[in-house]
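Please keep the viewer open while you read.

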Amino acid sequence: MNAPDRQAPGGQALAQAATGAAKAVRWGMTVDVNRCVGCQTCTISCKHTNDTPPGVQWRKVIDVETGTFPDVERLFLVTGCQHCAEPSCVPVCPTGATRQRADGLVTMSYDECIGCGYCAVACPYQARTIVHDERWYYGAAPTTQERAVHHDERIGVAQKCTFCVEKIDLAQATGHRPGEDLEVTPACAASCISQAIVFGDFADPASRVSKLVAERESFQMHAQLGNDPQIRYLYSTPAVPGREPAAADLDEERLADPANPLVGPLQTFWDWRAAMNWCFGGLGSGLALMAAVLSSLGSTGAAIVPTLQAVAGVLMAIGLFFVFLKIGRKLRFWRAARRVQTSWMTRELYVAIAFYVALGVNLVAPSRPGTWIVAIAAGAFLYCQARILQAAKGIPAWRTPHVPALITGTGLLEGVGAVAVVPAVLELSWNAAPVALVGCVLALVNAWLFHRYRRALENEGVGPLARRAIDAMALSLPVVGHAVPAVLFGAALALGMPGLATIAGLAAIAGGALLKFTLVVRAGYQQGFALAKLPQRGSGARAAPARSGFAKRPA
Amino acid sequence: MSDHPAGTRSVPQYCYQCVSGPDLMRVEVKDGVALRVSSNYDIKGEHPGGGRVCVKAYGLVQKTYNPNRIRQPMKRTNPRKGRHEDPGFVPISWDEALGLVGAKLREVRAKGLVDDSGFPRVAVSTGGGGTPVQYMGTFPAFMSAWGPMDQGYGAGQGIKCYHSEHLYGELWHRAFIVSPDTPYVNYIINCGNNVEASGGVVGVWREADARVRGAKRVQVEPHLSVTGALSAEWVPIRPKTDAAFLFGLIHHILHGREWRAVCDVPYLKNRSNSPYLVGPNGWFLRDFATGKPLVWDAADGTAKPYDAAIGDAALTGGYVVDGFELGPDDERIEHRRIRAEPAFEKLMAHTKGCTPEWAASECDVPAETIRRIANEYVGHACVGQTIEIEGKTLPFRPVAVMLGKTVNNGWGGYHCCWARTVLAVLVGALEVPGGTLGTTVKLVRPAASRTGSVQPGPDGFMTYQFNATTKEAWSGSPHIRNAFKTLVPLASNSPWSPALGPAHLPWLFAKEQPDHWPRQTAPDVWFCYRTNPAISLWDTLEVANRIAEFPFTVCFAYTDDETNHFADVLLPEATDLESLQLVRIGSTKFFEQFWKHEGWAIRQPAVTPAVDCMDMTDISTRLAQEAGLLEKYNDAINRGAAGMGLRGKAFDYALDPAVPHTREAIWDAVCRAASHDLSDGKDVRDLDDFKREGYMLAPFPQLDWYLYPGMVEQNLRFELPYQERLVRHGRELAHRLHEAGISWWDTQLREYEFMPTYERFPDVWNEHLRAAGGKPEDYPFWALTARSMQYSWGANVGLPMIREMAENVAGHKGVVMNRSAAKRLGIADGDEIVLESIIAATRGRAVLREGIRPDTLVMIGQFDHWKTPYAKDLGVPSLNTIAPMSLALTDATGSGSDIVKVRVRKATAADAKAMRKVSA
């Protein structure tokens, strides 16, 4: 729980102001939890202003209940894009379609976006949506008005709140002041019937938002994640100080209730097709790398390695093809090459290109250095995959620091497994001993990595639903993916039975697939919402303190 | 997003979909198509809700382009009417449709305007809260021209509304609706009033300001509503026991505290009937010479008429005096040297037994909580303090007590209204800044001025036009089928009274003819406008059966619905963005619409009509022509039936009565008259001006928010705590009914008491259950309903965008149920459950929450549609389906409550079949 902060947010902007940078602007909002009545006027006003289709709510107010009868509190929480000062959606975007402007606004370019969904899983605020097909409120056909306000450019790409950027930009032309003049204020704030949402410039100490956070206590949602979100939630009144969340507010059962709007739903941006990229890509890249490594230890002759790497290339290509199937705007896929400086997805793409170029060259003109270049590229690919998942900051089960090692380790083990399987299938000559040795060690290492990952989940803030999904393989994965390979690789080594190593390899591959499929498809619960502080109100123990009188008189 | 880009127009409109309006908006239109709605920020400085509109207004675009709209007039081809009969509607032209209706109207006029039972042959039902009149153009002029019409077929409005408050509130302080003076209030006890959902933009805006200013609201209700959520404290009270809680508060103030120290004694002495001496029979003891009630002047030890110079009016004690009591039917009981006690002394005695401990046992709120809340209430009341409003010094009493719907109507409503108003009077908080205020008048006159209605009546109180109960003047033959003039003296006889009578009785009596009563007939012609009684009343399946018996029903129809399923002619009126009307805005209106301005706003055709519809004004003109009433109709418009008289002291914009006028000509005249009147002729605006500007305002004094100045000026008293006048009417009514042999209203007559005696109101429902052959223990849950801001009054259940918004608010998906109670029954969140009352069953998904008592279930809004497109597929239940409509559940004001005892179980596959059977 972060402490209440009376400082103006937007550290970056303040720093700019302090250094005298001219007219630094940091747009943001305050949301007063004691004002909001959950009426959804902001939600529908946003829908009107931004022409969003059925089911898409860039601004949404959720209805939150905490406690247990007769000690209950209910409140309404405005959610949506927080236009973070350190937005986790921007660096991951492989195309540059998501950008941050100098005034802090996180914007979307629909024409550049390929609909990969990375920004959506990187957002800890559930702010992003992708609509893949036209949707109409009355079913098959649009109404006259829906046809008139339809945005074809938003099909298959990410969309989210823009803080009504067009209005803000219009203000520059008209001389109006966003936040003060309602015509150029984001629709949600302008339309709010309780004045719960106030928009303004946090870099301007005289703005209403700056004054509100100076005068009232506020918190940022998920402050611990470091995004520095630019919505500040006000939670106290002059008469009622607000309270810390009680243990009952964090009740495990309630946090496991999918009907609880605080609980993040299972993400659907990256479905089984995306999982295939980790399954096939991890297996393939592991194979390409370990084929070279194990060959140097005597598992196969150097001449066979390019063949194994070619098989790896096919596997990786299958994975990438599944990714291609998943993206919203397939013909723009090449745009994913545009943000190598920050996006692990772009890097994966470049590494894949490097891999296939090297693979092609090495197939045409095999060489030991060529083989190693392919192997290194494959290793880089595997690492990119691991980092892609970890950078998805909106998914607690993915973003933990243990994920890169877990994904990389799994890929390596799968690679070893593949080295034990592919020669056997292709009837190539191979020496099982080094494979079994490395495989046995890696199986044990992976067992430890998974154990470490699982043990840390709760402390890493992974919710009970995701933990349950992971716990569901608590037996199957260690047995199939770790114990069986370790034992069989060990037995193969001890008994000199390559067939056992092949079975061990199959088990390792199965275990890796199970882990990655589960992680991506079943454990990918979104961050959800949380209140670092609560207004003090409700029944029984939650009620505001008794008062003998309150003398404040309105002006 | 595009903000009025080139080629678009921004058209000013008003939204008056709910009674908490109107609020002003703009519609962005391109090529005749409405694209978007936004607030009209031009009026943000004057509108007390910052110029905003609420979520419902944004639904109007989808409402316009709903593909399920009735696309042209239709007539029924299947003469058999029934829920399972296909009406066989076929499209017809407007000429044919209006011709059909016209022929029927001429036929009725030929037969006579009233039938053999004395009831009007034509009936009109409209939706709740008076909002239909903000959309029906000049239809009131047609109604006026027609002559007697029965407007007493209830559709849910009135009887299911804040009914007791409407009637008693208007009697006591011109409070058709009660509101806290939210800009000043600091402490609100809120028994079930869901202002955050029902108070509209202004209510939400002001209550939010009050909260952040530090005002405390205590919400007392069985489930944690939206309003409860925003309150400092939620007190989960047992359903229908609010009167016990309120009586407990009064007890603590009068008996638990030193009342002289915490009450506003001068207010009690001078502005209430507390010092009036009461004789041994309960009537005021009156002065022989003047007939006026007597007050004991402790300063000189004599009894004097209430309006004499009194040094120190006694509130307590007993005094030996001469005088007479005036009973019913002019019965005069003379006394010499009789002991009389002030009404306040009676109040003390009356409440003596209502200790917090007693109240706790009734209402399940701990006695300590009751004491604390009473202490907080008086602690915040600022007795003795004053505030300056517009240069005038007034008492400052920033405390209020509010009541919700189910608290306020049906049995117990009187008790709660009385207790609430007494709580205000005790600390001098009635009709003063910060306190408990009335909003608008609908029964007393003049309708346009609440403060103007403060006129002296008998005994130092404000005048009130009770329906006569004397032998000579009592309306023994009901003039409409709900008989409000006959049965409810307090309903008065204003244009609103028919809707405020016992408006469910016509439906009830049509099934069971009461004794000694005119034969209950069906109207020859029934007009239905912006209402759906087959969904919005109680026992709706039965209501539908009655509607099916009506021989000729004309529905102004938007989409198919459960009522117009039985219609003979469907007339698709132009909807909100397609039609023209000028309405009053500002001054003081429902809920918290207290303005510092008043004026007029326009709704205008902004879009190309989406279907072959007709403006209500044009329909009305055509109907008047068809019925041969054009001249009377035009005269009615000239007199003000369109909201503003066209002839004034200094202006004459009257229409030629002999010829039909276009809607533009009619509303142009109204615009000119309205602006002339508002500006004293300095700023006369025509229709085009209003279309361009959207509205016109003039200042309205804040002092007119409060009755107190007028009461002081005229030396009037609030008629509290003692109800002598009301009881006299009640006793006279009893005489009249018994003389007529009518005994079926006897239970209601018992409600006429000088001060209400607490009853176990939950037992009224238990007794009803037993009488119907059920056992109360078999129906362990109380089912209630709650307001939805997204839906209330909006006629928008067919709009998926509104549905999408509503589903963000918990409870809209089904039946709200306590999580632990559900667990005990093996019910999980989302399970389909069946709620069975003694009369019917309704089905929906369980929504498990902690913010509800384990003995309570809540169904938000009014659903269970079986015909309305889109809505019928939602699978959302409705209290209305299972709530009985019964004389036993009807109180003396003629209202009932949205509450019913039910049992709950998980739905089975067999239920779908069973449900169909019940429905049939």
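Predicted model: local features only at pLDDT ≥ 70, side-chain atom pairs only at ≥ 80, totals over all residues.

The notes below go from model confidence to the contact between the chains, and then to sheets, a salt bridge and some backbone details.

## Confidence in the model

For chain A the mean pLDDT is 93, and 95% of its residues reach 70 or more. The stretch to treat with care in that chain is residues 1-21, where the pLDDT is below 50. In the model this stretch still has 44 contacts beyond near neighbours in sequence.

## Where chain A meets chain B

The size of an interface is often given as the accessible area lost when the parts come together. Here, chain A and chain B bury about 6,400 Å² between them, and 57% of that area lies on carbon and sulfur atoms. Chain A brings 80 residues to the contact, while chain B brings 77 residues.

Polar links also cross this boundary. Between chain A and chain B there are 37 residue pairs in polar contact, counting pairs with both residues at pLDDT 80 or more. The two chains also share seven salt bridges. A salt bridge to look up in your viewer is formed by the side chains of A:Asp257 and B:Arg819, at 3.6 Å from N to O.

## The chain A side of the contact

Which elements of chain A give two or more residues to the side that touches chain B? Among the helices are H2 (41-50), H5 (144-148), H6 (165-174), H7 (187-191) and H9 (252-255). Strands contribute too: S2 (59-68), S3 (71-80) and S11 (538-539) of chain A are on the list. H2(A) supplies the largest share, with eight residues. Sorted by class, this side of chain A has 31 nonpolar, 27 polar and 22 charged residues.

Strand pairing links the chains as well. S11(A) runs parallel to strand S10 (residues 233-235) of chain B, and two bridges join them.

## Sheets within chain B

Strands of a sheet pair through backbone hydrogen bonds, either parallel or antiparallel. Chain B has an open sheet of six strands in the order S5-S4-S23-S22-S21-S6, with mixed pairing. Strand S5 (90-91) and strand S6 (122-126) of chain B each have a single partner strand, so one side of each is left without a neighbour in the sheet. Further in, strand S4 (residues 74-75) and strand S23 (residues 569-571) of chain B pair in the antiparallel sense over two bridges. B:Lys75 has B:Val569 of S23(B) as its bridge partner.

Another open sheet of chain B has four strands, in the order S11-S16-S15-S12, and its pairing is antiparallel. Its edge strands are S11 (277-278) and S12 (285-286) of chain B, each pairing on one side only. Strand S15 (residues 319-326) and strand S16 (residues 332-342) of chain B are joined by seven bridges, and B:Phe324 has B:Glu334 in S16(B) as its bridge partner.

## A hairpin to look at

Strand S13 (residues 294-297) and strand S14 (residues 302-305) of chain B run antiparallel, joined by four bridges. B:Asp297 faces B:Thr302 of S14(B) across the pair. Four residues lie between the strands of this hairpin, and B:Gly301 takes a positive phi near 70°.

## A salt bridge across the sequence

Side chains of opposite charge can pair when their charged atoms come close. The whole structure holds 91 salt bridges over all chains. In one of them, B:Glu376 pairs with B:Lys216, with the closest N and O atoms 2.8 Å apart. This pair links distant parts of the chain, 160 residues apart: B:Glu376 sits in helix H13 (residues 367-380) and B:Lys216 in strand S9 (residues 216-220) of chain B.

## Backbone details

Most residues other than glycine have a negative phi, and most peptide bonds are trans. What is phi of B:Glu431? The value is near 65°, which is positive in a residue other than glycine. B:Glu431 lies in the loop between helix H15 (413-426) and S20 of chain B.

Two cis peptide bonds are also worth a visit. One joins B:Arg445 and B:Pro446, with omega about -5°; B:Pro446 is in the loop between strand S20 (436-438) and helix H16 (484-487) of chain B. Another runs from B:Leu720 to B:Pro721, with omega near 5°. B:Pro721 is in the loop between helix H25 (708-713) and helix H26 (724-739) of chain B.

Definitions and conventions: Residues numbered from 1 in each chain as written. Chains lettered and ligands numbered in written order. Heavy atoms only, no water. Contact = heavy atoms within 4.5 Å. Buried area = accessible area lost by both parts, 1.4 Å probe. Salt bridge = Lys/Arg side-chain N within 4 Å of Asp/Glu carboxyl O. Polar contact = N/O pair within 3.5 Å; in protein donor to acceptor, adjacent residues only side chain to side chain. Nonpolar A, V, L, I, M, F, W, Y, C, P; charged D, E, K, R; others polar. Pairing = 2+ DSSP bridges. pLDDT = per-residue confidence, 0-100.
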